[in-house]
Amino acid sequence: MAERECCPTMDLLRSEKMQLARLIIPVESAHRVISYLGEVGLFQFEDLNTEKSPFQRTYATQIKRCREMARKLRFFRDQMYKADLVEDKRSAGASEISLDELEVKLGELEAELIEMNANSEKLQRAYNELLEYRLVLKKAGEVFYSAQKRAAAQQRENKHHHVERSIDSPLLLEQEITMDISKQVKLGYVSGLVQRDKAIAFERILFRATRGNVYVKQESVEEPVIDPVSGEKVEKNVFIVFHAGERAKSKVLKICDAFGANRYHFTDDTGKQHQMITEVTGKLSELKTTIDVGKHHWSSVVQAIGFQYEQWNTMVKKEKSIYHILNMLSFDVTKKCLVAEGWYPTFATSQIQKALLRATIDSNSQVGAIFEVLHSKESPPTYFCTNKFTSAFQEIVNAYGVAKYQEANPGVYTIVTFPFLFAVMFGDWGHGICLFLATLFLILKEKKYSSQKLGDIMEMAFGGRYVIIMMSIFSIYTGLIYNEFFSVPFEFFGRSAYACRDPSCSDATTLGLIKVRKTYPFGVDPVWHGTRSELPFLNSLKMKMSILLGVAQMNLGIIMSYFNARFFLSDLDIWYQFVPQMIFLNSLFGYLSLLIIVKWCTGSQADLYHVMIYMFLSPMEDLADNELFTGQKYLQILLLFLALIAVPWMLIPKPFLLKKQYEERHQGEAYEPLHALDENLEPQFNDTPRRKHEEFQFSEVLVHQLIHTIEFVLGSVSNTASYLRLWALSLAHSELSSVFYEKVLLLAWGYNNAVILIIGIIVFMFATVGVLLVMETLSAFLHALRLHWVEFQNKFYHGDGHIFLPFSFALLNEDEE
């Protein structure tokens, strides 16, 4: 559904009048014609090449080029996000660039950025490796230094005490005093870093693989280290594995590779260690400078792209959409013109013709585009001219089904009835004000939020902001009628009409209350709240009110079916659908509504349940105390008779009359031409559309009418009962609100403790927002949606149309790839 402000009228009851047109466009001006029609945004092109695959169409190569450019732009957008840059929505102010020039420029920029990213990645990896190398040099140097100190101390101790060598003796002695030089084993070592969470498993596998013939020494690194391979910060340990022999070394190296441990060369010479640390520090400084310069250059390139990105992206999207439309057109026999067909609203005729003329002039074409109106029996698309307020309500209707062309649109009434039925279930003017303020904030910030990406839930709330604010306004209204502000009553419109008869009158009951003033002028009298009679009184009031509202809305639906039948010139639907349906519904439930109103006006004690039940079981029995007016018994007999007559009235005549109409319309079509007289007549008659009508299936029509009749008769009862959800949801909302107020807020207030009071207020606020303002809002919204879709729209709304989808550049931003 397109949102447009340029429509001549805002008539939502019927969709805009549509016309089928054919455009014959010279090839040299085809691109400009499609572009200018995209700016107008009111022409829906039909695909005339359905038999061809996308790869067989004329402009498949151009679309492939546009897709490749779109891929490069997505790459640029990722780079902009990486640099924390936002897209510049303003006009770039640069000179116009052709598609070919843009393609070349995008290719050069992509190659430059890829090269810079690759170089930066290599430099960053080398920098991270040098950082790890410096850590290994420092930590391993400390290990060797401490081991040499212990070895020297152990050597001096062995000289003086000659103790037996233990398993803890140092491995790094220059020469074992107690061992012959020819029997000494030269130990090798491997050093590097391994992730800390793998360190224990790493050590265990080394021990098992070498059968304990290695010595592992690990030192933890205090701060996380950036891994050169993954580029993420990881907690690591520096390790040194001492081994004997090449076979053990080979096993150690394989285990290091399996655990992703980074190995670095290390020397046990102290002098060389200091020299290597100095060299590594110098290289780190040089690499840091190089990386910073590269990042600065990369950032400047990305910023330049960001300044032009929106212009380039819009241009590529437009070109791609233009070539997509051109692929839907067919060539004429001369291959010099393109033929297009499509639908447009009749009010846009002059705009389309002006666009065609402008395209002819701008393309210097010697032949102008031809605009030809066609007549078609095909059902036109449905187009409602909406604005930002009405579009959300129209989407509620479209979610059920798109209106048939020129069918009466429920969206007109939904603008009022939907928020009102919601408010009947959500009636509390305190909650309504909270909902109103929250939605008002979204409306005031709509320019800011409309250009941002919001979450799924927030996106739905923002899209329906005008629906929600109407719901909140109606909730304030019904809350004032119910006289509930977070379940607390107020005497806004005057004092209560009732007072205590004597000082012993208790507030907990209505016994002893007498009417001392005029009736409370607006809404429910506040004296009812908190009494024992509150629940029976409000139950009776809301239940009867739900029935009245339901019968009124169902009658509105049936009346809309009359206007549909009158608009489409269908007398059958008026006399054999509208009339019996009105009679049946109002003979039963219209009569019930009348009894409710009479009972309210007269103050009668009649039992309406008894009246309605015995209207069917014993229509001839006297009503006795349940009689509300004179002649009620005879009126009930008449209404029951009319309801019984209405059922066969709906069922029987219409199928037979449809069959009669069909026979009269196609009378004489069984004749065929004589082949012997003129052989050329046969193909002419075979091609005439008169011969292509569908066969009338009387049995199918009869079954369809039977189903429709049964559905309406049973639906009248079930739909009326379904409106009782208004009573149930309203009662549940009121009781929940009362529980939170009395059992949380008042209970905390009664303790006379500031801490408990603060906790009670916090719990009350969270319960009100979470349960009443979020969950109850969603529940009431869904129930109101059900009442409109099922109980109201099924009386007249077919919803089997297809929506008008014009080619428009204004809609390109909504269709993100």
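Which residues of helix 1 are buried? They are A30, V33, I34, S35, Y36, L37, G38 and V40. Keep in mind as you look around that this is a predicted model.

**Helix 1 and its surroundings**

Helix 1 covers residues 30-40, and eight of its 11 residues are buried, so the helix is largely enclosed by the rest of the structure. What do those buried residues pack against? Their partners are strand 1 (18-26), strand 2 (44-45), helix 6 (270-326), strand 10 (337-345) and helix 7 (349-362). Just after helix 1 comes G41, whose phi is positive, at about 70 degrees.

**The protein as a whole**

Stepping back, the protein contains 22 helices and 13 strands. Of its 817 residues, 42% are buried. If you take the contacts between residues at least 6 apart in sequence, 80% of them join residues at least 24 apart. The protein exposes about 46,400 Å², and carbon and sulfur atoms supply 58% of that area.

**Cysteines**

How many disulfides does a search of the whole structure find? The search finds zero. As a reminder, a disulfide is a covalent bond between the sulfur atoms of two cysteines. Two cysteines are worth a look for their surroundings. C66 has a relative accessible area of 0%, which is under 20%, so C66 is buried. C434 reaches 31% relative accessibility and therefore counts as partly exposed, a class that lies between 20% and 50%.

**Segments annotated as transmembrane**

An unreviewed UniProt entry lists residues 420-444, 465-482, 545-563, 575-598, 634-652 and 754-775 under "transmembrane region".

| Segment | Helix content | Strand content | Distance between end C-alpha atoms |
|---|---|---|---|
| Residues 465-482 | 100% helix | 0% strand | 25 Å |
| Residues 545-563 | 100% helix | 0% strand | 27 Å |

**A nonpolar surface patch**

Which residues form a nonpolar patch on the surface? The patch consists of Y609, I613, Y614, F616 and L617, and together they have about 550 Å² of accessible area. One of them, L617, sits in helix 16, which spans residues 608-617. Is L617 buried or exposed? With a relative accessible area of 62%, which is over 50%, L617 is exposed. An α-helix has 3.6 residues a turn, so residues three or four places apart point the same way.

How values were computed
Residues are numbered from 1 along each chain as its sequence is written. This is a predicted model: local features need pLDDT of at least 70, side-chain atom pairs count only at pLDDT 80 or more; totals for chains, interfaces and linings use all residues. Side-chain values use heavy atoms; hydrogens and water are left out. Patches are made of residues with over 30% relative accessible area and no salt bridge: like charges are joined within 9 Å, nonpolar side chains (Val, Leu, Ile, Met, Phe, Trp, Tyr) within 5 Å. Accessible areas come from the Shrake-Rupley method with a 1.4 Å probe; for residues, only the protein chains shown count as cover. A salt bridge is a side-chain nitrogen of Lys or Arg within 4 Å of a carboxyl oxygen of Asp or Glu. Helices (H or I, at least four residues) and strands (E, at least two) are DSSP runs, numbered from the N terminus. Buried means under 20% relative accessible area, exposed over 50%, partly exposed in between (1.4 Å probe, protein chains only). Contact means heavy atoms within 4.5 Å. A disulfide is a pair of cysteine sulfur atoms within 2.5 Å. UniProt positions are given in the numbering used here, feature names are shortened, and annotations may be inferred rather than shown by experiment.
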